[in-house]
Amino acid sequence: MRWNVAACGLMGLLAQSVTAIAMDIDNDQSVKDTAATIAYGMMKYYTGNNTGDTPGNLPDPYYWWEAGAMFGALVDYWWITGDTSYVEVATQAIVHQAGDARDFNPANQSRTSSNDDVGFWTITAMMAAEDGFPDPPPDQPQWLALVQAVFNQMASRWDDLNCGGGLRWAINDFQTGKDYKNSISNGLFFNLGARLSRFTGNSSYGEWASRTWDWERSINLITDDYDVKDGAHFDVTTHVCRNDSGPHVWSYNIGVFLQGAAFMYNTTTGAEQEEWKTRVNGLLGAVETKYLTNDTKIIKEWYCESGFEDRGHPYQCNIDQQTFKGYLLRWLSSTSQVAPFTYDRINSWIRSTAIAAAASCTGPVGAAAPQVDSGGIQPGFKGIDGTACGFKWTQSFDGWAGVGAQMNALSAVMYTLTHKGLGRAAKGPVTTAQGGTSKGDPGAGVTDPSSRGGLAALKPITAADRVGAGIVTAILAISIVGGSVFLTI
């Protein structure tokens, strides 16, 4: 099946200037038009709808997980702007990559995917459930059930023997990462637990989130200063854990824990809620210290965006790392909804970043980021001439075009609209009790109950759970921030 951009949308894009994107940050329609142009340029990289290709896949050298993240961006794009141009192609991609077992373990990826790869596709399904993205036909995998299946499988992989807990990077022993507990795999598990707790009202998911946070802190992957380190190796024979990731810290690690902590704040009360508020503020402080430019407060990828001239290019962010700050923006925006006390701080960062990101989108057709490490050369830009986005936002177009650059810029621009009262996003993420329609299956994903890592008897929703949820709803249901009204639980 081939996909085409809606004719009216395409005509509108082609009618725009082919020399640059001119965005008025204070004009909502201008911002939506800018987002549409950037999204169109991003989707011109997609080949999964071509005859003979696999739905959901990006071409080489892009990895499978990045495609999952890209479709997550499109889910939020629909949620925020109301543009339906990509609903069909996104649904086709996500459903296809769910695989026959409906657990994001498709045959084309089953021997190579790791916990973080699967986790990014699952985050996209979680976004679809929370955003009220159109549900697939009843005979197809459902968003919530997909998330529950993967969460159950992740819980079954919890490993107390090595490092005292946590998930390994690798799923299988023959994979790279079998001796590494990385923060992004565990952060995605934490994040999903927090969001499932809120969406379903079942606090067992939140208990897993708390357990994961406590484990990350126990081995100093989340430091006293709220830096989030990349991970820790362990000896497969002695099981000794080495917190040896060095200076490697990435914006998506801190972002995934930030959003999860914000959801935990949203679903708790009393002293526990205050504890999560402290953690949210601590993570935000670390974001401001390390991932924002000092004067202009523009998001940056601190570790690899600083510049390494001896490598022959201005900075050494590889093809994966070129996408990370877009996820930070995604999770910052969500945090500002479910933890409204963060709105003023976060909104100013997203606004300044959006202006800078849009200003970088002046590149020509054919522009492509150079090869970094073994990542391969990215395809040339095929969007509207003069609208390719750059990677570094503290300068004009830097030549580093690609899926990551487009996705980052799309996130920066569209998340300025989150609190503008437009479309579904104005009410925040839904829950089963408040407008969510996605069908779940708490027992999905694992056929052997004894292997479920503590989730074999998922605690049913009790009267106390319902009362607690009602209290939180009463306290947090409607927040007024910056003149915008939205539901936070």
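This is a predicted model: local features need pLDDT of at least 70, side-chain atom pairs count only at pLDDT 80 or more; totals for chains, interfaces and linings use all residues.
**Overall build**
- Of the 489 residues in the protein, 60% are buried.
- Taking contacts with a separation of 6 or more, 71% are between residues 24 or more positions apart.
- Counting bonded cysteines along the chain, the disulfides pair up as 1-2, 3-4, 5-6.

**C163 and C241**
- These two are joined with an S to S distance of 2.3 Å, and the torsion about the S-S bond is about 90°, so the link is right-handed.
- C163 sits in the loop between α6 and β1 while C241 is in strand β3, so the bond ties together parts that are 78 residues apart in sequence.
- C163 is buried at 9% relative accessible area, whereas C241 is partly exposed at 30%.

**C304 and C317**
- Here the S to S distance is 1.9 Å, and both cysteines lie in the loop between α10 and α11, so the pair links parts 13 residues apart in sequence.
- This link is right-handed too, with 95° about the S-S bond.
- C304 is buried at 1% relative accessible area, and C317 is buried at 0%.

**C361 and C389**
- The sulfur atoms of this disulfide are 2.0 Å apart, and a torsion of about 100° makes it right-handed.
- Both cysteines are in the loop between α12 and α13, so parts 28 residues apart in sequence are tied together.
- C361 and C389 are both buried.

How values were computed
Residues are numbered from 1 along each chain as its sequence is written. Side-chain values use heavy atoms; hydrogens and water are left out. Buried means under 20% relative accessible area, exposed over 50%, partly exposed in between (1.4 Å probe, protein chains only). Contact means heavy atoms within 4.5 Å. A disulfide is a pair of cysteine sulfur atoms within 2.5 Å. Helices (H or I, at least four residues) and strands (E, at least two) are DSSP runs, numbered from the N terminus.
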